[in-house]
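Please read them with the structure open.

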Amino acid sequence: MKKGILWFVAVVAVIAVFIATTISGLNLGVVEIPSATDGIRLGLDLQGGAMITFEARTEDGSAPSKADMEIAKTVLRKRLDAANYTEGTVTAAGDTRLTVEIPSVTDPEEAVALLGKTAVLEFRDADGNVIISGNEVKSAESVYGQVSENGANQHHVVLSLTSEGREKFTQATKKAASQASAEKNYIDIYLDETLQSRPFVDASYASTGINSEEVVITIGSEDSLNPAGGEESKTLANIINSGRLPFALEEIELRSVGPTLGEKALETSLFAGFIGLLLVMLFMILIYRLSGVVASISLAFYTALLVVIMSLLKVNLSLPGIAGIILSIGMAVDANVIIYERIKEELRVGKTLKASIDAGFKRAFTAILDSNVTTLIAAVVLYCFGMGTIRGFAITLGLGVVISMFTVLVVSRFLLYRLVDMNIKSLKAYGA
């Protein structure tokens with residue numbers, strides 16, 4: 001009995017310290033939330049951010065096509081996602097402009113630096129002549145494997161060209177490979193007028209050139225700007241993909257924007273969630289007595305653990321994200337209810353308390369696993385195919401489901417067993 005009391009008190013004390021430490025790290029009027037750079041990032045609707053308006057500039061001054069503007073929009077969207085600003089937005093503003101809004105970034109110049117330059121990607125020969133540009137490149141992929149049939153595995157980039165780009169590239173590589181001087185048998189890759197890579201063309205292509213829509217760029221010692229390694233291969237592929245704009249984008253307006261829902265939106269939303277959580281805990285305690293107390297401790301620990309993990313992952317938090325958290329809390333409560341009802345059923349047929357807890361968790365596990373897995377699948381689909389706040393909702397919902405499974409099946413179970421060790425065996429104490 002003493003051992004059970006010590007274990008129960010020790011675990012509850014650790015959870016209480018963890019929750020108190022988490023609350024002290026938040027910044028919401030009474031408490032403090034981590035900063036945009038060190039923890040949870042607040043979305044545009046809660047904190048505001050920076051807004052940049054880009055104007056498309058073509059070489060001949062003509063208006064870009066709608067398809068080209070969609071390419072530019074996708075590139076900017078991917079750059080935001082790569083920087084973990086999933087709550088950022090990219091919208092069209094007329095036929096030649098794109099507006100980008102980035103949450104938590106109050107300095108517009110910082111926002112421009114985050115997105116990087118958006119100039120035209122160019123492949124040039126040794127004389128500086130442009131061979132192909134970004135609109136003649138389909139894609140670039142970093143690959144580790146054999147370049148030739150009997151060759152060793154190595155990192156390389158597979159460059160996919162359009163039919164027009166293939167013809168130009170064939171002639172350019174034929175010329176480069178046949179150069180008498182070894183100092184000119186290369187093709188330069190430029191982004192924003194900055195040399196990014198200098199792959200050399202093998203002399204064996206002097207008569208035919210590299211005549212293929214898929215071109216292999218090996219990453220090795222021959223390329224002085226990109227030493228051998230997987231990171232260099234990925235970096236080069238990313239540079240080519242992110243620079244495949246058919247025109248240049250010039251920033252014409254930079255300014256800060258305020259929260260779209262007002263400064264009090266976050267505080268009132270979290271306050272409503274806090275009240276809801278307290279009411280749920282009160283309900284669990286009234287219905288399930290000591291089991292309800294255990295469920296409440298587990299829920300409090302779940303909430304604190306979710307906040308810490310979101311902070312470590314620098315998750316963007318918006319109102320849809322808060323909705324995902326509340327929904328996952330509801331699923332955690334639902335799992336507790338299923339387990340406790342199973343335990344009560346086992347107690348009614350005359351089983352001992354420990355045997356009832358064992359059977360309750362065992363029989364409820366399948367139902368809990370099925371519901372959580374289906375929800376997790378939905379969250380993954382939303383994240384993969386959604387954008388902006390939809391992704392924020394998917395992230396918080398997915399994290400909440402995984403963490404709630406842990407707290408319900410591990411923390412709640414452990415504390416219930418410690419109650420049994422303390423010889424608290426009255427069925428009324430467990431709601432039966």
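1. Two strands pair if DSSP finds at least two bridges between them. Helices (H or I, at least four residues) and strands (E, at least two) are DSSP runs, numbered from the N terminus. The model is predicted: local features need pLDDT of at least 70 and side-chain atom pairs count only at pLDDT 80 or more, while totals for chains, interfaces and linings use all residues. Residues are numbered from 1 along each chain as its sequence is written, and side-chain values use heavy atoms, with hydrogens and water left out.

2. Strands S7, S8 and S11 form an open sheet, in the order S7-S8-S11, with antiparallel pairing. S7 (137-146) and S11 (214-218) each have a single partner strand and stand at the edges, so one side of each is left without a neighbour in the sheet. S7 is joined to S8 (residues 153-161) by nine bridges. Within this pair, alanine 140 lies opposite leucine 159 of S8.

3. The structure holds 12 salt bridges (a side-chain nitrogen of Lys or Arg within 4 Å of a carboxyl oxygen of Asp or Glu). In one of them, the closest N and O atoms of arginine 124 and glutamate 122 are 2.6 Å apart. Both residues of that pair, arginine 124 and glutamate 122, are buried (under 20% relative accessible area; exposed is over 50%, partly exposed in between, with a 1.4 Å probe and protein chains only).

4. Lysine 175 and aspartate 127 form another salt bridge, with closest N and O atoms 3.7 Å apart. This pair links distant parts of the chain, 48 residues apart: lysine 175 is in helix H5, and aspartate 127 is in the loop between strand S5 (121-124) and strand S6 (130-133). Lysine 175 is partly exposed at 41%, and aspartate 127 is partly exposed at 45%.

5. Aspartate 358 and arginine 413 meet in a salt bridge at 4.0 Å, N to O. Here helix H10 (residues 353-385) supplies aspartate 358 and helix H11 (residues 389-421) supplies arginine 413, 55 residues apart. A network of salt bridges links Glu136, Glu164 and Lys168.

6. Where is asparagine 185 placed? It is in the loop between helix H5 (163-177) and strand S9 (188-191). Asparagine 185 is buried, at 16% relative accessible area. Leaving aside neighbours within four places in sequence, asparagine 185 is in contact (heavy atoms within 4.5 Å) with Ala176, Gln179, Phe200 and Val201.

7. Leucine 278 lies in helix H7 (residues 265-288) and is partly exposed, at 41% relative accessibility.
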